[in-house]
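Student: Hi! Could we go through this model together? I'd like to start with the helices.

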Amino acid sequence: MDSFDDAIEWRVTPGLAPYAETLSEMEARAAAIRSGEAREMIWLLEHPPLYTAGTSAAEDELLSPDRFPVFRAGRGGRYTYHGPGQRVGYVLLDLDKRGRDVRCFVAGIEKWLIATLADFGIEGRSEPGRIGIWTGQGAREAKIGAIGVRVRRWVSFHGFSLNVDPDLSHFAGIVPCGLGDYAVTSMAGLGATTDMAEVDAALARHFPAMLSGLHCNG
């Protein structure tokens with residue numbers, strides 16, 4: 001689907017994509033974007049159950065090291081979980097031509113996910129000092145989306161994960177994103193009855209606004 005911009009490929013991979021192969025392809029694509037040999041890409045998929053460790057991950061935050069495979073992801077952030085029922089979005093954009101502002105880029109992903117959740121009646125928000133998307137207040141406060149990006153030669157890769165209807169018990173094997181005091185929730189857990197195709201359609205609707213907002217200072 002290329003309705004946004006001829007320079008951007010919108011790819012949706014069915015089934016469960018093996019993480020190591022996906023990571024390798026994503027890094028190769030980022031290099032090809034930088035060299036002008038490939039288009040930018042938004043890549044939506046699901047992974048089998050696994051944990052990933054970002055560059056700031058602390059070993060004591062991996063509570064169940066033998067529960068699922070663990071991968072060093074190379075992205076920013078700490079430990080996170082990926083698995084069925086979670087929409088993972090890899091965002092490969094050439095920030096050299098889109099503002100060269102990483103803070104603006106991360107904020108843009110946050111706004112994109114918040115707008116997507118709103119289509120399903122869920123009020124998401126960002127929180128100062130906490131990367132990701134949050135819902136609820138007080139005892140009901142919980143994280144529903146994670147963001148972890150990397151930028152190499154001004155090409156972004158990695159991206160976000162949005163909990164549509166994953167097995168939330170799988171998060172118990174880690175301290176998600178180093179924030180052990182907060183619960184994790186999902187769209188299904190908040191009463192949103194939907195499927196991945198509807199979530200993808202909402203992401204597509206709100207992507208142009210995200211893209212146009214990347215020049216925060218321009």
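Tutor: Happy to. One definition to begin with: the expected span of a helix is 1.5 Å times one less than its number of residues. Keep in mind that this is a predicted model.

Student: Okay, so what should helix H1 span, and why does that agree with its end C-alpha atoms?

Tutor: H1 covers residues 19-34, which is 16 residues, so it should span 22 Å. Its end C-alpha atoms are 23 Å apart, and that agrees.

Student: Which residues of H1 are buried?

Tutor: Tyr-19, Thr-22, Leu-23, Met-26, Arg-29, Ala-30, Ala-32, Ile-33 and Arg-34. As a reminder, an α-helix has 3.6 residues a turn, so residues three or four places apart point the same way.

Student: And what follows H1?

Tutor: Gly-36 comes after H1, and its phi is positive, near 80°.

Student: On to H2. How far does it reach from its first C-alpha to its last?

Tutor: H2 reaches 25 Å with its 17 residues, close to the 24 Å expected. At its start, a side-chain oxygen of Asp-101 comes to within 3.3 Å of the backbone nitrogen of Arg-103.

Student: Which residues are buried there in H2?

Tutor: The buried ones include Cys-104, Phe-105, Ile-109, Trp-112 and Leu-113, and Glu-110 is also among them.

Student: How far is Ala-107 from Ile-131?

Tutor: They are 24 residues apart in sequence, and 9.2 Å lies between their C-alpha atoms in space.

Student: Switching topic: where does Arg-98 lie?

Tutor: Arg-98 is in the loop between strand E6 (86-92) and helix H2 (102-118).

Student: Why is Arg-98 called buried, and what does its side chain contact?

Tutor: Its relative accessible area is 11%, so Arg-98 counts as buried, given the cut-off of under 20%. Its side chain makes a polar contact of 2.8 Å with the side chain of Glu-40.

Student: Last one: how much space lies in the largest pocket?

Tutor: About 560 Å³. It is lined by 35 residues, and the closest to its centre are Gly-76, Ile-131, Ile-147, Gly-148 and Val-149. Elements that give two or more residues to the lining include H2, strand E8 (130-135) and strand E9 (142-152).

Student: How does that lining of the largest pocket divide into nonpolar, polar and charged?

Tutor: The lining has 16 nonpolar, 12 polar and 7 charged residues.

Technical notes: Residues numbered from 1 in each chain as written. Predicted model: local features only at pLDDT ≥ 70, side-chain atom pairs only at ≥ 80, totals over all residues. Heavy atoms only, no water. Helix = DSSP H or I, 4+ residues; strand = E, 2+ residues; numbered from the N terminus. Buried < 20%, exposed > 50% of the residue type's maximum accessible area, 1.4 Å probe, protein only. Polar contact = N/O pair within 3.5 Å; in protein donor to acceptor, adjacent residues only side chain to side chain. 1 Å grid on protein atoms, 1.4 Å probe; cavity = no way out; pocket = protein on both sides within 12 Å on 5 of 7 lines; lining within 4 Å. Points joined across faces, edges and corners; volume = space filled by probe spheres on them. Nonpolar A, V, L, I, M, F, W, Y, C, P; charged D, E, K, R; others polar.
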